Amino acid sequence: MPEPLEPLEPLESYGAEGRAIASTGAGGASDLATAEAETLEPRPTAAPGGPEGTGPDTKARSLWSDAWHDLRRNPVFIVSALVILFLVVISIWPSLIASGDPLDCDLSKAQEGSQPGHPFGFNGQGCDVYTRTVYGARTSVTVGVLATLGVAILGSVLGGLAGFFGGAWDGVLSRITDVFFAIPVVLGGLVLLSVVTSATVWPVIGFMVLLGWPQLSRIARGSVITAKQNDYVQAARALGASNSRMLLRHIAPNAVAPVIVVATIALGTYIALEATLSYLGVGLKPPTVSWGIDISSASQYIRNAPHMLLWPAGALAVTVLAFIMLGDAVRDALDPKLR
């Protein structure tokens, strides 16, 4: 059998509040509850200087501002950016830290070690290794930056158009990129650059752009395909926006982040590729000052004069590592999945 219910206590037993509710009836209880609710103080809002994202004046950050916010607090980005800034400065004004002439050589000092005013010693022709190392940064940075810009522009345009329009254009571009991916880069450089007699940097840059754009085009194509499926792009299409407006205003700003990341990392790779081709004798040629040329000429003296190889090779390694570290930091800041 169910247990008997306990009798309810009279409202008068709850003191003055119970007697007030009993005297006013059901409607009075509702009014009393409303009156008490009106006396409650509202919850205080967070001060503008409170925790991040809680103040009334806080504005939502975009992807780029949020990425810059993270990059400024990343020590890897700060160190690599300072190294790259230093390289850019000495590439533009090498005379700031090197007062000599990289082509001024004295055979009587060939293969000599460090001396006052010549901290890195001399190479096989008696040229100052320190001066040539400083001036070699200009060639390497110029080749890397121009090749990266050419690859990024050409690959982004072709890949973006293929991803946006699809169809036959996408199919043809995909088959063309497959052909370029099948060509080994170093072997292609040996074949194509061996017939070039120019001593300027333009044949090397053109070769890198020719074989480098397919990778960026694949990245750009995938980013555009992902971006054009978003709701804001479909809404712009429904409102009658033209293809050019959708590409430039809605898709490109949201699809360019992966391209920037890959291009930043590839810049260091192109600098290493230029040194490799120059080492093999098909890249830059004397009298151009290049780290690859100096490494190639110093390789036969590595036993007797290792300083000739140490300094240009060390400068090349630090430069490539700085750009790769910068690219990794930018990738971590721009990829929401890694947060």
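Which helix holds both Asp178 and Arg175, and how many residues apart are they? Both lie in α5 (residues 167–181), three residues apart, or about one turn of the helix. That pair comes back in point 4; keep in mind throughout that this is a predicted model.

1. **Overall layout.** Of its 339 residues, 37% are buried. If you take contacts between residues at least 6 apart in sequence, 66% of them join residues at least 24 apart. The accessible surface of the chain is about 19,500 Å², and carbon and sulfur atoms account for 65% of that.

2. **The disulfide.** The count here is one disulfide, formed by Cys105 and Cys127 with their sulfur atoms 1.6 Å apart. Both cysteines sit in the loop between α3 (75–92) and α4 (129–165), so the link ties together parts that are 22 residues apart in sequence. The link is right-handed, with 70° about the S-S bond. As for cover, Cys105 is partly exposed at 35% relative accessible area, whereas Cys127 is buried at 4%. As a reminder, a disulfide is a covalent bond between the sulfur atoms of two cysteines. If you want to check the pairing yourself, the cut-off used is sulfur atoms within 2.5 Å.

3. Searching the whole structure turns up six salt bridges. One of them joins the side chains of Arg132 and Asp294, at 2.9 Å from N to O. Arg132 belongs to helix α4 and Asp294 to helix α11 (residues 291–298), so this pair ties together parts that are 162 residues apart in sequence. What about cover: is Arg132 buried or exposed? Arg132 counts as buried, at 9% relative accessibility, and Asp294 is buried too, with a relative accessible area of 7%. The cut-off behind those calls is under 20% for buried.

4. The side chains of Asp178 and Arg175 meet in a salt bridge at 3.1 Å, N to O. Asp178 also forms a salt bridge with Arg218, where the closest N and O atoms are 2.4 Å apart. Arg218 lies in helix α7 (residues 202–227) and Asp178 in helix α5, so this second pair ties together parts that are 40 residues apart in sequence. Put together, Arg175, Asp178 and Arg218 are linked in a network of salt bridges. Asp178 is partly exposed, with a relative accessible area of 32%, and Arg218 counts as partly exposed at 33%. The general idea is that side chains of opposite charge can pair when their charged atoms come close.

5. **Thr148 in α4.** Which residues does Thr148 touch, leaving out those up to four places away in sequence? They are Ala263, Leu267 and Tyr270. Thr148 is found in helix α4 and counts as buried, at 9% relative accessibility. Its side chain also reaches the backbone oxygen of Gly144, at 2.6 Å.

6. **Phe165, also in α4.** Phe165 is found in helix α4 as well, and is partly exposed with a relative accessible area of 49%. Phe165 and Ile225 are 60 residues apart in sequence, yet their C-alpha atoms are 9.4 Å apart in space.

7. **The nonpolar patch.** There is a nonpolar surface patch of about 720 Å², made by Val185, Val186, Leu187, Leu190, Val191, Leu192, Leu210, Tyr279 and Leu280. The elements giving two or more residues to the patch are α6 (185–193) and α10 (257–280). Which element gives the largest share? That is α6, with six residues. One patch member, Leu190, lies in helix α6 and is partly exposed, with a relative accessible area of 33%.

Note on methods
Residues are numbered from 1 along each chain as its sequence is written. This is a predicted model: local features need pLDDT of at least 70, side-chain atom pairs count only at pLDDT 80 or more; totals for chains, interfaces and linings use all residues. Side-chain values use heavy atoms; hydrogens and water are left out. Helices (H or I, at least four residues) and strands (E, at least two) are DSSP runs, numbered from the N terminus. Buried means under 20% relative accessible area, exposed over 50%, partly exposed in between (1.4 Å probe, protein chains only). A polar contact is a pair of N or O atoms within 3.5 Å; within protein, one must be able to donate a hydrogen and the other to accept it, and residues adjacent in sequence count only if both atoms are side-chain atoms. Contact means heavy atoms within 4.5 Å. Accessible areas come from the Shrake-Rupley method with a 1.4 Å probe; for residues, only the protein chains shown count as cover. Patches are made of residues with over 30% relative accessible area and no salt bridge: like charges are joined within 9 Å, nonpolar side chains (Val, Leu, Ile, Met, Phe, Trp, Tyr) within 5 Å. A salt bridge is a side-chain nitrogen of Lys or Arg within 4 Å of a carboxyl oxygen of Asp or Glu.
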